[in-house]
Amino acid sequence: QGHVQAQRNLGFLHSQTIAGVPARFNDFEEANFWLGLASTGTPGKTDPAATTEKIHGVLTPLKEILDSTTKGSDRGERIFMRLCAGCHGFNGIAAYPAAPSFAFGERLTKNDTELLQSIQAGKNLMPSWGNTLDEELAREVLLFIRTQFESLASSKPENMPNIVLGPVEPTDGEVLFLAFCSGCHGRNGISYYVNSPSFALGETLEKSDGMLTHSILQGVETMAGWEEILSVQYVREIVSFIRTLEPSFKNGIASELRGEPELYFRFRPLGERGREWDGADPMAK
C-alpha cells in the first residue's frame with residue numbers, strides 16, 4: 001500500500017541484521033527489494049515504485065539484466081540498482097549504518113582485488129554474490145561504483161543556497177551547525193534533550209562519517225531528516241565540525257563558549273507534546 005516504514009521493516013527482516021529472526025527469512029535479494037522501495041518511495045503514495053526511474057532497476061528481473069548485451073558500466077549500474085542499492089543507497093548513501101556509503105568514499109580506498117573479493121565472497125553481513133555474478137559481472141559493478149562515486153566522494157562542497165542565513169562560506173560547518181543543529185544539540189555540543197546526543201561528550205561519535213551523515217539526511221528516531229533542506233556536501237561540513245566538539249570540550253576552560261547565534265532553528269523532538277517553550281522565541285529575531 002505504499003507505506004515506506006513497512007517496506008523498510010520488511011527489508012531489515014530479510015537482511016540478517018536483526019537478532020532473533022529465524023535464518024529461513026534471510027534473503028538478501030528480498031531485503032534489497034524492500035529497502036530499495038523504501039529509499040525511493042514517498043509516504044502516502046499507493047505506487048512508490050512509479051515515483052522514480054531508478055526503482056525500476058529493483059523491479060527488473062535479474063535474469064533480464066544479466067542477459068543484457070549492454071556491457072561495462074551501464075550493465076554494472078543496472079546490477080547495482082538491482083542487487084546493491086537497497087543497502088548501499090541509490091545515491092551512494094547507505095540505507096542502514098552497517099553498509100558502507102560509497103558517496104563518502106567508504107571502502108573505495110581498497111584495491112580492486114579486495115573489493116571484488118567482497119562482492120563475490122561477501123563480507124561481514126554482506127552476502128556472497130559469487131553464485132550470481134561471475135568475475136566479469138562483478139567487475140562491471142565495481143566499474144560503475146568507482147565511476148559514479150569516487151569523484152563525488154572527493155568533490156568540494158558547492159555554494160549553499162540562501163535558505164535563511166544569507167551567504168555562507170562552504171567550509172563553515174560551524175555556522176551551519178549553529179543554525180540547523182544547535183537548537184537540539186546545543187551550541188557547544190551539550191544537548192538540550194535527554195535523547196539527543198551530546199557531541200561534546202563523544203556520544204554517537206563512534207559512528208563513521210557516513211553513518212552520521214545518513215542520520216542527518218534521513219533522520220533517526222525522534223530527529224527529523226534534513227535532506228530536503230541541506231545538500232549532502234553541507235551535511236558533510238556539519239559532520240566535520242561535530243568532530244571538533246569533543247576535543248574542544250576536553251580542553252576545558254581554555255575553550256571559549258559560543259554565544260547565541262543571530263538566527264537558528266529551535267525544535268521539540270518529533271512527537272513531543274506538553275508545555276509551551278520557555279523564554280523568547282528565537283525565530284522572532
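**Aromatic rings and a helix face**

Phenylalanine 144 counts as buried, at 3% relative accessibility. Buried here means under 20% relative accessible area, with exposed over 50% and partly exposed in between (1.4 Å probe, protein chains only). This is a predicted model, in which local features need pLDDT of at least 70, side-chain atom pairs count only at pLDDT 80 or more, and totals for chains, interfaces and linings use all residues. Residues are numbered from 1 along each chain as its sequence is written, and side-chain values use heavy atoms, leaving out hydrogens and water.

Rings of Phe, Tyr and Trp (its six-membered ring) pair if their centres lie within 6.5 Å; planes under 30 degrees apart are stacked, over 60 edge-to-face, and the rest tilted. The count by this rule is seven aromatic pairs. Take phenylalanine 80 and phenylalanine 144: their ring centres are 5.3 Å apart and their planes at 50°, so this pair is tilted. Phenylalanine 80 sits in helix α5 (residues 73-88) and phenylalanine 144 in helix α7 (residues 135-154), so the pair ties together parts 64 residues apart in sequence. Helices are DSSP runs (H or I, at least four residues), numbered from the N terminus.

Phenylalanine 80 is buried, at 0% relative accessible area. Phenylalanine 144 also forms an edge-to-face pair with phenylalanine 149, at 6.0 Å centre to centre and 75° between the planes. Phenylalanine 149 is buried too, at 1%. Phe80, Phe102, Phe144 and Phe149 make up one aromatic cluster.

Now turn to helix α1 (residues 4-13). Its buried residues are Val4, Gln7, Gly11 and Phe12. Viewed down the α1 axis, they fall within an arc of 135°, so they line one face of the helix. The arc is taken from the directions from the helix axis to the C-beta atoms.

Conventions. Helices (H or I, at least four residues) and strands (E, at least two) are DSSP runs, numbered from the N terminus.
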